[in-house]
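Subject: Structure handover

Hello,

Here is the structure to go with your files. My notes on the contact between the chains, the salt bridges and the cores follow below.

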Amino acid sequence: MKRRETIESLIALGATRLSFSALGLMSCLGPNFAKAQATGVDLTASNEAIKEFAQGKPIVQKNVQIDVASLIDNGNTVPIQIGVVSPMTAQDRVVSLLLLAPLNPVVKVFETNFGERCAKADISTRIRLATTQTLIALVRNHDGQIWQGQAEALVTLAACIEPADG
Amino acid sequence: MANSIISFKARAEPNELIEVRALIAHPMETGFRTNDSGKLVARNIIESFTCHYGEALVIDMKLNPSIAANPYIRFFVRAQSTGPLEFVWRGQQGFEQREIRTLTVGS
């Protein structure tokens with residue numbers, strides 16, 4: 001968390017031209033990180049998906065936790081866990097979840113409905129990430145409320161668009 | 001039939017929250033890769049994964065190309081009575097696989 005804040009504050013100061021030695025590893029990731037956060041990134045597909053899921057309801061940033069490594073050395077297989085704070089009783093439960101990777105070629109990573117036998121709104125899987133980006137998880141509660149959680153993922157080796165071997 | 005590994009506790013107490021893990025071998029070809037001659041390799045993915053505990057649904061997932069090869073999914077079920085956990089994967093090119101395991105509940 002501290003390193004991410006450091007990078008963000010340095011970029012904010014326009015310090016992307018700091019010497020390699022000063023930032024060490026961070027500078028290798030710096031330009032990529034800066035590019036992902038800079039203007040010009042096309043979030044249309046992601047915004048469409050969010051609109052479609054939310055169906056006009058307001059989106060509240062709460063109760064949704066994405067657990068993913070902050071620094072990912074291989075974007076081909078990224079373990080991820082999404083947990084939602086919810087009692088998951090018959091009366092009070094979350095109904096569905098959508099994970100978005102806004103800068104992947106296909107932004108919807110997966111969607112899931114939680115059936116009556118799902119006792120905990122907590123899913124782990126492995127995903128592919130094409131580039132450094134902010135992952136978004138949207139959750140629909142039984143009462144129609146839409147909750148959201150986000151997590152930044154720094155990817156050093158991209159997935160999805162690599163040439164096949166052999 | 002693709003190889004699959006499903007694991008969960010051998011014996012659960014009534015009302016216990018148990019973790020269920022399912023892994024299946026599948027390339028999850030995204031459709032964005034190119035082969036040696038520069039041609040796009042066609043998309044071939046598992047598109048859905050569902051789990052039922054008896055008659056009732058546990059989870060129903062729609063998978064997209066951004067899921068990694070050999071999809072691994074971990075979720076939670078509350079053990080109630082001994083019964084079947086049925087796992088179904090469906091995908092392109094007519095891919096369909098069902099696995100049934102018994103969840104044993106009670107000492």
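Between chain A and chain B there are 22 residue pairs in polar contact, both residues at pLDDT 80 or more. A polar contact is a pair of N or O atoms within 3.5 Å; within protein, one must be able to donate a hydrogen and the other to accept it, and residues adjacent in sequence count only if both atoms are side-chain atoms. On chain A, β6 (108–114) and β7 (118–127) each supply at least two residues of the side that touches chain B. β7(A) gives the most to that side, with nine residues. Helices (H or I, at least four residues) and strands (E, at least two) are DSSP runs, numbered from the N terminus.

This is a predicted model, in which local features need pLDDT of at least 70 and side-chain atom pairs count only at pLDDT 80 or more, while totals for chains, interfaces and linings use all residues. Residues are numbered from 1 along each chain as its sequence is written, chains are lettered from A and ligands numbered from 1 in the order in which they are written, and side-chain values use heavy atoms, with hydrogens and water left out.

Interface

The contact (heavy atoms within 4.5 Å) takes 33 residues from chain A and 35 residues from chain B. About 2,900 Å² is buried between the two chains, and carbon and sulfur atoms give 52% of this. Buried area here is the accessible area (1.4 Å probe) that two parts lose on being put together, summed over both.

Salt bridges

A salt bridge is a side-chain nitrogen of Lys or Arg within 4 Å of a carboxyl oxygen of Asp or Glu.

A:Glu111 and B:Lys62 meet in a salt bridge at 3.5 Å, N to O. This pair runs from strand β6 of chain A to strand β5 (residues 56–63) of chain B. B:Lys62 is partly exposed, with a relative accessible area of 48%; buried means under 20%, exposed over 50%, and partly exposed in between (1.4 Å probe, protein chains only). A:Glu111 and B:Lys62 also belong to a salt-bridge network with A:Glu52 and A:Lys108.

B:Arg74 and A:Asp122 meet in a salt bridge at 3.0 Å, N to O, and both residues are buried. B:Arg74 has a relative accessible area of 8%. The side chain of B:Arg74 also forms a salt bridge with B:Glu19 (3.2 Å, N to O). That pair links distant parts of chain B, from strand β3 (residues 17–24) to strand β6, 55 residues apart. B:Glu19 is partly exposed, at 35% relative accessibility.

Cores

A nonpolar core is a set of buried Ala, Val, Leu, Ile, Met, Phe, Trp, Tyr and Cys residues joined through side-chain atoms within 4.5 Å. The largest one has 57 residues, of which B:Ile59, B:Phe75 and B:Phe87 touch the most other members. Apart from it lies another core, of 10 residues, including A:Phe53 and A:Val107.

A:Val107 sits in the loop between β5 (94–100) and β6 of chain A and is buried at 9% relative accessibility. Beyond four places in sequence, A:Val107 touches residues including A:Ala45, A:Leu99 and A:Pro102.

Regards
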